[in-house]
Amino acid sequence: MNLLDSLLGIFSSDLAIDLGTANTLVYVKGKGIVLSEPSVVAVRTDNRSKNKVLAVGAEAKNMLGRTPGNIVAIRPMRDGVIADFEVTEAMLSHFIKKVHNNRQKFVRPRIIIAVPSGITQVEKRAVKESAESAGAREVFLLEEPMAAAIGAGLPITEPTCNMVVDIGGGTTEVAVISLAGIVYSRSLRVAGDRIDEAIMQYIKRRYNLLIGERTAEVIKTTIGNAYPETEHIETIEVKGRDLVSGIPKILAIDSEEIRQAISEQIDAIVECVKIALEQTPPELAADIVDRGIVLTGGGALLKNLDKLLKENTGLPITVAEDPLSTVAKGAGMSLDSIEILRQVVIR
Ligand SMILES: Nc1ncnc2c1ncn2[C@@H]1O[C@H](COP(=O)(O)OP(=O)(O)OP(=O)(O)O)[C@@H](O)[C@H]1O
């Protein structure tokens, strides 16, 4: 490390970031999670000048599907990886500045970023480069399931096996962890976004009603359900545009039809967990029978998903406390402890 780096180190405040498809969370060393915002950026696209960032995070998410022609609300992360490099860099830079109260000129933090376990070297390099361009002095990567396991308080360094299922916006990550290493992992590009798309498609096909992705997400988080119910059927009023008349319309939709509409995506997640169990070495499988499976990520909040997984695997299922924050918390905990960090960072 040269003198300049040491001096910058004095001013720096290291960060851990869960750069998610749906949400980005930032953990500041010694302080905890200080920022949680949707991964959305609103950009003005004038022909004359370079694209101009108008809003980032919650403010930009409110604009999704509601922008005039020259403004676009972009989700720069898709399927857990960077889909738009420039916009991701602008978003990261905005969040880093925000947590450092706009003192970014003097602060070049070391950053640890949680990434999906299945990403390629090219995708890893894109994440590193975008964080470096956004002002990072040094970037470390950590696999999301490992971060989730640490954040859920699992004893990852012990020779016992832990199974974590992290269901985010873009990916579902299933991992078996023992002795601070990932023994088996599987990353499925089916998660919250695909469930939202299935809801949009269903309502379009069945009722000729066009709805936006934000409305689909509201339907999922309000009446979404993974397990068939005969009692307690809930309904929700849905507003959209009638495909035939072109006029705005309101409909009542119930939880059972939504359950059926998303069953293909839910089955894919259940299948992924079952394959992981089949591939786990027998000694470790025995531990999973005792310890069960921990669910994290926003998808873990889908009503009765734990019940469905329990029925399909026969294993105890626990939903992590505050599953939307588990990955960021775990990445932050590894930043706080050099011992953990040394064992879990990936190249
Ligand atoms: N109550 C709920 N029921 C079902 N899904 C929910 C609920 N609350 C949030 N979600 C979904 O969780 C997803 C976001 O979860 P999370 O923030 O863990 O993902 P992410 O880390 O951004 O994504 P990824 O890990 O794939 O990059 C969204 O698809 C959101 O709709």
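Mentor: In this predicted model, L309 has its place in helix α11, which covers residues 305-313. L309 counts as buried because 24 other C-beta atoms lie within 10 Å, where 20 or more are needed for that label. Leaving aside residues up to four places away in sequence, L309 touches V270, V273, I293 and I317. For one of these, V273, the separation from L309 is 36 residues in sequence, while the C-alpha to C-alpha distance in space is 8.5 Å.

Turning now to the sheet, six strands form an open arrangement in the order β3-β2-β1-β9-β10-β19, and their pairing is mixed. The edges are taken by β3 (32-38) and β19 (345-346), and since each has a single partner strand, one side of each is left without a neighbour in the sheet. Helix α3, residues 85-99, packs on this sheet, where it touches β1 (15-19), β2 (23-28) and β3, and its direction makes about 140° with that of β3.

Strands of a sheet pair through backbone hydrogen bonds, either parallel or antiparallel. Strand β9 (residues 110-115) and strand β10 (residues 138-143) run parallel, and six bridges join them; within this pair, I111 stands opposite V139 in β10. Across β9 and β10 lies helix α5, made up of residues 144-151, which runs at about 80° to β10.

Terms used: Residues are numbered from 1 along each chain as its sequence is written. This is a predicted model: local features need pLDDT of at least 70, side-chain atom pairs count only at pLDDT 80 or more; totals for chains, interfaces and linings use all residues. Helices (H or I, at least four residues) and strands (E, at least two) are DSSP runs, numbered from the N terminus. A residue is buried if 20 or more other C-beta atoms lie within 10 Å of its own, exposed if 12 or fewer, and partly exposed in between; C-beta atoms are placed from the backbone. Two residues are in contact if their C-beta atoms, placed from the backbone, lie within 7 Å. Two strands pair if DSSP finds at least two bridges between them. Axes are lines fitted to C-alpha atoms, for helices over the stretch in contact, and angles run from 0 to 180 degrees between N-to-C directions.
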